[in-house]
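Some labels given to a structure rest on cut-offs. The questions below ask how each label is reached.

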Amino acid sequence: MSVSLPACLAAPDTSGRAAVVRLAAGNLLLGTLGVFIVESGQGAVTVAFYRCLVGAAAMALYCRATGVPVLAGLDRRSLALAVLTGALMAGNWVLFAAAVGHIGIALATIVFHVQPFLVVLLGALVFGERLTSVRLAWVALAFAGLLAAIGVPVGGPETLSPGATYGWGIACALGGAFLYAWVTLLARRLPTVKGPALTLVQCLVGVPLLALLGPTAPAALGEAWPWLVGIGLIHTGLVYALIYGALPGLATPVIAVLTFLYPASAVLVDGLVYGHFVDLAQAGGLALIVAASLGVTLGRSPLKPGR
């Protein structure tokens, strides 16, 4: 029996306008992830476990429908790296969900987006990747933005859930960013593994690992089911299909700009749904992080105007 997907998901689209729409849609959908986490009412481990479980089914369907090979011809080293990225990704999903519970959607997302700069620093420290003075200046600007963003809880301490700890939430968001930075660095060393296949492996690895941590049993989920299934189907399956399908048709500058629809939409959604609007310092911090990320991606100097 053959598996078919809608035309918008079935294969990478190399036409510029369609690719822009797909990548924009994927990042805007990611901006609603926090709402699904909050509305599920479940702990971070449970959220991440069912994201892996449902996401694995969704990505398996996508790989089969698009003919993406899964781990075909991989040697032991590459297989081990793929499995390791799965463990790291599962940890990242747990920590991000925990951060949302402690400090809210907007701030958790802003803090998490220092991840590209951790990639730059870890790449230089661990793998000897070149770190120019220009890149270092952008990294410094990004962390200045981080300091501005975390100065005050979103909307004040009264907006946080009972028992929430501000410092712990910041630590979870940074920990998630750190783990995702390692996922990015290790994925670069798997050039023969397609993105959808690697995501499928990561979900499959996450299921047994997170099962050991005691997620809520299916029978006890009750009204949380639609939200958890949504995280797996929408924010893993659909979003990743849209993004992976769009990337081959876009230039790096366009990708860099559209990627920041995710944090921007997350901040907006948190304000509209829960009334957690960022203050000027946090908005300025996000702006600095976005500017620094674009600078790192495009290779511009923070001290010189672009040509």
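Buried means under 20% relative accessible area, exposed over 50%, and partly exposed in between, with a 1.4 Å probe and protein chains only. This is a predicted model, in which local features need pLDDT of at least 70, side-chain atom pairs count only at pLDDT 80 or more, and totals for chains, interfaces and linings use all residues. Residues are numbered from 1 along each chain as its sequence is written, and side-chain values use heavy atoms, with hydrogens and water left out.

Q: Why is Cys-63 called buried?
A: Its relative accessibility is 4%, and the limit is under 20%, so Cys-63 counts as buried.

Q: What makes Cys-172 buried?
A: Cys-172 has a relative accessible area of 2%, so it is buried.

Q: How many disulfides does a search of the whole structure find?
A: The search finds 0 disulfides, a disulfide being a pair of cysteine sulfur atoms within 2.5 Å. For Cys-63, the nearest cysteine sulfur is that of Cys-203, 10.0 Å away.

Q: Why does Thr-199 count as buried?
A: Thr-199 counts as buried because its relative accessibility is 1%. Leaving aside neighbours within four places in sequence, Thr-199 is in contact (heavy atoms within 4.5 Å) with Met-59, Thr-236, Tyr-240 and Tyr-244.

Q: What makes helix 12 and helix 13 roughly parallel?
A: Helix 12 (residues 252–259) and helix 13 (residues 261–274) pack at an angle of about 15 degrees. Angles under 35 degrees count as roughly parallel, over 145 as roughly antiparallel, 65 to 115 as roughly perpendicular and the rest as oblique. The two helices are therefore roughly parallel to each other.

Note on methods
Axes fitted to C-alpha atoms, helices over the stretch in contact; angles between N-to-C directions. Helix = DSSP H or I, 4+ residues; strand = E, 2+ residues; numbered from the N terminus.
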